Amino acid sequence: MTQPRDEWSQLDHAEEQFVRRLAAHYAPKPLTPARRVALDDALWARLQRQPRQTRLTPALAPVAVAMLLACLSWSGLFMPPAHQGGPSVSTPAMSGTEPWEYELLYSRELTGTAEHDDGAILPDDYLVIARVFLDK
Amino acid sequence: MMEEALVQEPPAVALELEQRFHLFVASHRERARRLAWRLVGGDDAAAEDVIQEAFIKAYRALGQFREEASLATWFYRIVVRQAHNYCRWRTVRETWSALWQGGLPHAAAQESGDPLLRRRIAKALAQLSHSQKEAFVLVHMEGFSVREASALMGKPEGTVKSHLHRALQGLRSALADLAEDMGGNTP
């Protein structure tokens, strides 16, 4: 499908030289015979693999969909009931939580209070940071 | 699927198709690799991935094309599209990589000739739009005609000409020293 560079007739001499120079410098190294063989081998290996995948895909697709649906329905069955306004603090959320962290995270949710100073319940190192950044 | 068709075909026909494919790969490998390399910005591994995908698609479609010329047109169209997709995904990957890791992965290009000039050309080409870059590489670097490039890019000939004009303007301004150098040499 290659034809003579008909478009170059529209370029002036300087443009044509400029384009030729770009084309000459912007090209990959030719393939070495070893690299060509490796490339061909990789291509044939992929072609050999492809049919098995295409045969397996239709067979595995319904299985995958069924597994996805099963996971979704299973997680739906064991999900905790939806939040209905009242405070809900689950035990797993508390496990591994320091008392001051629990106080900080959940006290406002439980009491419904808006803004208040957390300085009193934070550990000392947090207070040092707070003094630097919040000018306390 | 073509591979299955090859298996089901009588052995002589399957063999003929395989031979056709071997010939097709042998006659288009270098040009396809060079085209893909130029379109993906000088990345050897990416260019090889792009042409492998395109050859696999050509293998599947081999039976549908009686003439080698029409298969070649179709094949190069796939190469252009695969390279375009690769560049699009690379942009996404680089954006995320820059956001999360603070660095950009760079292409592993083989260094030969004048690496600095090559990198400058790659950078200048990367600043063009995808269509301008494709038009320029296809017509001015790979020697396709405007009609062929328009078929490969799926765009009207007038649009391809306009892209070519803008691409040349962009490259001449980005690589002004090279263009002036050339202009100075002309009588």
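Leaving out neighbours within four places in sequence, Gln132(B) is in contact with His163(B), Arg166(B) and Ala167(B). Contact here means heavy atoms within 4.5 Å. Gln132(B) sits in helix α6 of chain B. Helices (H or I, at least four residues) and strands (E, at least two) are DSSP runs, numbered from the N terminus. Gln132(B) counts as buried because its relative accessibility is 15%. Buried means under 20% relative accessible area, exposed over 50%, and partly exposed in between, with a 1.4 Å probe and protein chains only.

This is a predicted model, in which local features need pLDDT of at least 70 and side-chain atom pairs count only at pLDDT 80 or more, while totals for chains, interfaces and linings use all residues. Residues are numbered from 1 along each chain as its sequence is written, chains are lettered from A and ligands numbered from 1 in the order in which they are written, and side-chain values use heavy atoms, with hydrogens and water left out.

**Confidence and make-up**

The model scores ipTM 0.78 and pTM 0.63. Confidence per residue is given as pLDDT, from 0 to 100. The table sets out both chains.

In chain A, confidence is highest in α1(A), at a mean of 90. It is lowest in helix α3 (residues 91–94) of chain A, at a mean of 51. In chain B, pLDDT stays under 50 over residues 1–7. The model has 20 contacts beyond four places in sequence for residues 1–7 of chain B. Where pLDDT is low, the predicted coordinates should not be read in detail.

Within chain B, contacts with a separation of 6 or more can be sorted by sequence distance. Of these, 64% join residues 24 or more positions apart.

Two packed helices are described by the angle between their axes and the distance between the axes. Axes are lines fitted to C-alpha atoms, for helices over the stretch in contact, and angles run from 0 to 180 degrees between N-to-C directions. Angles under 35 degrees count as roughly parallel, over 145 as roughly antiparallel, 65 to 115 as roughly perpendicular and the rest as oblique.

Helix α6 (residues 130–141) and helix α8 (residues 157–174) of chain B have axes that come within 8 Å and cross at roughly 95 degrees. The two helices, α6(B) and α8(B), are therefore roughly perpendicular. On the α6(B) side, the contact uses Ser131(B), Gln132(B), Ala135(B), Phe136(B), Val139(B) and His140(B). On the α8(B) side are Val160(B), His163(B), Leu164(B), Arg166(B), Ala167(B), Leu168(B) and Leu171(B). By class, this contact has eight nonpolar, four polar and one charged residues. Ala, Val, Leu, Ile, Met, Phe, Trp, Tyr, Cys and Pro count as nonpolar, Asp, Glu, Lys and Arg as charged, and the others, Gly among them, as polar.

His140(B) also belongs to helix α6 of chain B. It is buried, with a relative accessible area of 3%. His140(B) and Leu164(B) are 24 residues apart in sequence, and their C-alpha atoms are 8.5 Å apart.

**Where chain A meets α8(B)**

Helix α1 (residues 13–25) of chain A also crosses α8(B), at roughly 80 degrees, with the axes coming within 12 Å. That makes α1(A) roughly perpendicular to α8(B). Glu15(A), Phe18(A), Val19(A) and Leu22(A) meet Leu168(B), Leu171(B) and Arg172(B). The residues divide into five nonpolar, no polar and two charged.

**The nonpolar core**

A nonpolar core is a set of buried Ala, Val, Leu, Ile, Met, Phe, Trp, Tyr and Cys residues joined through side-chain atoms within 4.5 Å. The largest has 67 residues. Leu22(A), Phe21(B), Phe75(B), Phe136(B) and Met141(B) have the most contacts inside it. Helix α3 (residues 44–61) of chain B gives the most to this core, with 10 residues. Beyond four places in sequence, Phe75(B) touches Phe24(B), His28(B), Ala32(B), Ala54(B), Phe55(B) and Ala58(B).

**Helix α7 of chain B**

Helix α7 (residues 146–153) of chain B is mostly covered, with six of its eight residues buried. Leu152(B) is one of them, at 2% relative accessibility. The C-alpha atoms of Leu152(B) and Glu134(B) are separated by 9.5 Å. Just after α7(B), Gly154(B) takes a positive phi of about 70 degrees.

Methods: pLDDT is the predictor's confidence in each residue, from 0 to 100.
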